[in-house]
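Please read the points below with the structure open beside you.

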Amino acid sequence: MAQYMFLLFDSEEWYDNLTRDEWQQAMKLHGEFAAAVEKAGARILGGEALERSSTASTVKNREGAEPLVTDGPFIETREALGGFYVIEARDLDQALELAKLCPSGNIEVRPVMPTSEDAAPPA
Amino acid sequence: MVTEAVEVTRVVDRAHRESWSTVLSSVVRLTRDLDLAEDCTQDAFVQALRTWPDGIPDNPAGWLTTVARRLALDRLRRETNLRRKLPLLVEQPDAEQPDDAEQPTDPLRLVFTCCHPALARESQVALTLRLICGLTTREVAAVLLIGEATAAARITRAKKKIAAAGIPYRIPADHELPARMDVVLTVVHLVYTAGYVATGVELTRTDLTGRAIELARMLERLMPDEPEPLALLGLLLMTEARGDARVSADGELVLLADQDRSRWDVKLLAEGVSRATAALQRGHGRFALQAAVAGLHVTAPSWEKTDWRQVVRMYDAMMVSWPTPIVALNRVAARSLVPGADLEAVLVELDALSKEPALATYAYLPATRADVLTRLGRPGEAAEAYEQAIHLTANETERRFLTTRQTNLGR
């Protein structure tokens, strides 16, 4: 089994006129996604929804200078990072199949690097 | 019995061409590490050059597989501590035992890994040329018209992604097969095309077209129930059959329209046509439709007597399922050849296509325009279009051909 992080990127305009029903509907979709992951024999190891990117702060650690704190996300994108999952799956094929079921417009699937004690440095 | 050095080289070369992917893929299943498997396969071929002069084995591929796997096992034993820490290829839990030397489906496993949709198309092609066709990085670079450093970087990056992202070393399940196979067939077709219109002085690189056909044969063998691999093989065989007639005695390009049809390879044609026919009976995928077009060409008595209306119909069908600018261009070109075609309307369509970014550097578009303009009696504009085509083609023979056409305009 390998671990993958799903980074969910979506338009944030959706939040602007969000009704209570729509919000609950979205949460229901994530519940269905979690059920689908379990059914496939994979596991959700973690995951959260994030406040919108306008609430982000970025700290830039600079060589020979004080760290710089700026308002906003590290990279401004039209569709912003809005949440994540960490999923344990058999291989990339299974991870990609699960990403297709994930209720988000764009899902970046990144393998998690093994960092246990006997792991080799990244190639 | 001692064998002549020339004979040994010939046999080793042939084994390299025919069995590289069989040997490599068997070692990959054992090591689950592409780099190590490649090294050991390479070393096995070096050993063959050294020891085969004392006697060529009855089954060269089997000999190479045994030697390569033994080398791999030695290295695995020596490097156990280090290797346990490297990310390894993921296999299906129900995969065959790794100690079986030969699994007939090994090469296909490797093909599907090289052509995984999570790899960029350019990486898929480079990796297939390297791992399946056994080309060196320098040869891969030459085929793809890229620098050697770029080719090396592409191959390395792709291998790293396969290991780190857990791209599995397996044949996709039935329900995934159609989508996954399409990528594989596209890559094999690209390998053939890269060899067919090679760059530089020679018009074709027969080693590469030969390898693409070998690959297509392998896909046909491994997936006998699928119509599209059958169609691809048919298409390639029919194209290959016309190869000799495509170049004149003095090395000039001869277009399909002007080819001496008696020079076509009848045996290859028959093989190709029968496969295309069988594929078309089972489906109308894009390679089946392309094979149908090729079949209409090779069964016609002459260029003029080709059933152009039917050719256009095939392209119409392709535009439904596969609407790319190149298909659109081929369709318009075929339309221009239907007896009594409205050439002005064709020209309007060609001009619309010239705005397609994908065709901006494609010599066939201005070449087709030049032909239509010539037939419309507008030699000045035709000359300009030929100029563009001459500028765009990367092949010397093709360039000479276009230049001759341009020069003949005023006569």
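1. The domain bounds used in this note come from an automatic or database domain assignment. The model itself is predicted.

2. In chain B the assignment gives domain 1 (5-83), domain 2 (107-219) and domain 3 (225-298). Between domain 1 and domain 2 of chain B, the C-alpha centres are 21 Å apart.

3. Where do domain 1 and domain 2 of chain B meet? On one side, 12 residues of domain 1 of chain B are in contact with 11 residues of domain 2 of chain B. Two elements, α1 (5-31) and α2 (34-51) of chain B, each give two or more residues to the domain 1 side. The largest share of that side, nine residues, comes from α1(B). By residue type, the domain 1 side divides into four nonpolar, four polar and four charged residues.

4. Turn now to chain A. An open sheet there is formed by four strands in the order β2-β5-β1-β6, with antiparallel pairing. Strands of a sheet pair through backbone hydrogen bonds, either parallel or antiparallel. The edge strands of the chain A sheet are β2 (43-49) and β6 (106-111), each of which pairs on one side only. On average, neighbouring strands of this sheet are turned by 20 degrees against each other, direction ignored.

5. Which strand is joined to β1 of chain A by 10 bridges? The partner is β5 (residues 79-89) of chain A, which runs antiparallel to β1 (residues 2-11) of chain A. To follow one bridge by eye, take A:F9, whose bridge partner in β5(A) is A:L81.

Terms used
Residues numbered from 1 in each chain as written. Chains lettered and ligands numbered in written order. Predicted model: local features only at pLDDT ≥ 70, side-chain atom pairs only at ≥ 80, totals over all residues. Pairing = 2+ DSSP bridges. Axes fitted to C-alpha atoms, helices over the stretch in contact; angles between N-to-C directions. Contact = placed C-beta atoms within 7 Å. Nonpolar A, V, L, I, M, F, W, Y, C, P; charged D, E, K, R; others polar.
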